[in-house]
Amino acid sequence: MAGRGGVGVSQSHAVVVLAAGGSTRLGQPKQLLTRDRETLVHRAVRLALQTAPAQVLVAVGAQADVIAENVADLQCEIVRNAEWQSGMAGSLHAAGTRLIKDIQRVLVLVCDQPGLERQHLDALLEGAGAAESGCAATVHGDTLGVPAVIPRGWFGSMQMAGDRGFGVRLGQQRAAGVFQLEAPELGMDIDNLHDLACARKQAWLDDE
């Protein structure tokens with residue numbers, strides 16, 4: 001893992017964990033796959049809490065009750081997205097309405113990146129604190145994506161729809177100094193059975 005850009009002090013932040021998807025191509029809830037006998041959604045929320053956020057929101061949709069129960073032992077708030085089938089934008093909108101007043105930045109992550117570690121989140125928060133744009137994002141080829149840190153104000157002004165979140169706006173900010181985290185291990189997310197097999201081969205997920 002390596003970052004491009006300066007490193008500074010993180011400011012008050014919230015975390016939004018996107019866990020509402022239906023895992024249609026995989027055929028089973030990816031949120032409940034396990035690494036070291038811990039579900040991916042539980043792991044994502046636990047790692048998020050280690051960054052000492054002011055608030056952690058978990059957006060759920062498909063299998064909402066099961067996912068919520070899975071993180072019931074962690075200090076987080078459940079945000080139910082009844083329109084989860086329309087894509088992640090609905091979850092971001094729903095989470096945005098629940099952010100507390102003093103939040104300045106929001107760390108957004110998903111729960112289907114089994115290579116995610118605490119140091120990824122720390123690097124992004126520190127990088128965002130030093131970046132001119134106040135943003136930090138993970139490099140995925142030619143694009144920037146999650147996990148990422150964005151200003152709280154974006155939740156009220158972003159044009160989001162379907163699976164289109166804040167990626168376009170992050171790209172527009174790139175020249176203005178977005179902290180860019182290079183972490184190839186985060187390039188693997190679990191969308192289908194091939195991804196699942198690859199992750200298990202690398203011991204990032206438990207076998208059945």
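Of the 208 residues of the protein, 51% count as buried, where buried means under 20% relative accessible area, exposed over 50% and partly exposed in between (1.4 Å probe, protein chains only). The model is predicted: local features need pLDDT of at least 70, side-chain atom pairs count only at pLDDT 80 or more, and totals for chains, interfaces and linings use all residues. Residues are numbered from 1 along each chain as its sequence is written, and side-chain values use heavy atoms, with hydrogens and water left out.

**Overall build**

- The protein has seven helices and ten strands; helices (H or I, at least four residues) and strands (E, at least two) are DSSP runs, numbered from the N terminus.
- Among contacts with a separation of 6 or more, 71% are between residues 24 or more positions apart; a contact means heavy atoms within 4.5 Å.
- The accessible surface comes to about 9500 Å², and 47% of it belongs to carbon and sulfur atoms. Accessible areas come from the Shrake-Rupley method with a 1.4 Å probe, and for residues only the protein chains shown count as cover.

**Nonpolar cores**

- In soluble globular proteins, nonpolar side chains tend to be buried together.
- The largest nonpolar core has 31 residues, and V17 and L107 have the most contacts inside it. A nonpolar core is a set of buried Ala, Val, Leu, Ile, Met, Phe, Trp, Tyr and Cys residues joined through side-chain atoms within 4.5 Å.
- Two or more residues of this core come from each of β2 (13–19), α1 (40–49), β5 (55–60), α2 (64–70), β7 (105–110), α4 (118–130) and β10 (179–182).
- A second, separate core holds 26 residues, including A14, A137, F155 and F166.
- Leaving aside residues up to four places away in sequence, L107 touches A14, V15, V16, L121, L124, L125, P147, A148 and V149.

- The buried residues of α1 are L40, V41, H42, R43, A44, V45, L47 and A48.
- A search of the whole structure finds one cavity of 30 Å³ or more. On a 1 Å grid over the protein atoms alone, a cavity is a set of points where a 1.4 Å probe fits but cannot get out, and lining residues have an atom within 4 Å of a point.
- The largest cavity has a volume of about 60 Å³; grid points are joined across faces, edges and corners, and a volume is the space filled by probe spheres set on the points.
- L40, R43, A44, L47, V110, C111, Q113, P114 and L116 line the largest cavity. The largest share of this lining, four residues, comes from α1.

**Cysteines**

- A search of the whole structure finds zero disulfides, a disulfide being a pair of cysteine sulfur atoms within 2.5 Å.
- C135 counts as buried because its relative accessibility is 0%.
- C198 counts as partly exposed because its relative accessibility is 25%.

**Backbone details**

- A cis peptide bond joins V146 and P147, with omega at about -5°. P147 is placed in strand β9 (residues 143–151).
- Q63 is a residue other than glycine with a positive phi, near 55°. Q63 is in the loop between β5 and α2 and, at 47% relative accessibility, counts as partly exposed.
- A203 is a residue other than glycine with a positive phi, near 60°. A203 is in the segment after α7 (193–201) and, at 58% relative accessibility, counts as exposed.

**Individual positions**

- A131 is in the loop between α4 and β8 (136–140) and is buried, with a relative accessible area of 15%.
- A131 touches G177 and F179, not counting residues up to four places away in sequence. The C-alpha atoms of A131 and F179 are separated by 5.8 Å, although the two residues are 48 residues apart along the chain.
- R169 is in helix α6 (residues 167–173) and is partly exposed, with a relative accessible area of 27%. Its C-alpha atom is separated by 9.9 Å from that of I150, 19 residues apart along the chain.
- R174 is in the loop between α6 and β10 and is partly exposed, with a relative accessible area of 27%. The C-alpha atoms of R174 and T143, 31 residues apart along the chain, are separated by 9.8 Å.

Technical notes: On a 1 Å grid over the protein atoms alone, a cavity is a set of points where a 1.4 Å probe fits but cannot get out, and a pocket is an open set with protein on both sides within 12 Å along at least five of seven lines; lining residues have an atom within 4 Å of a point.
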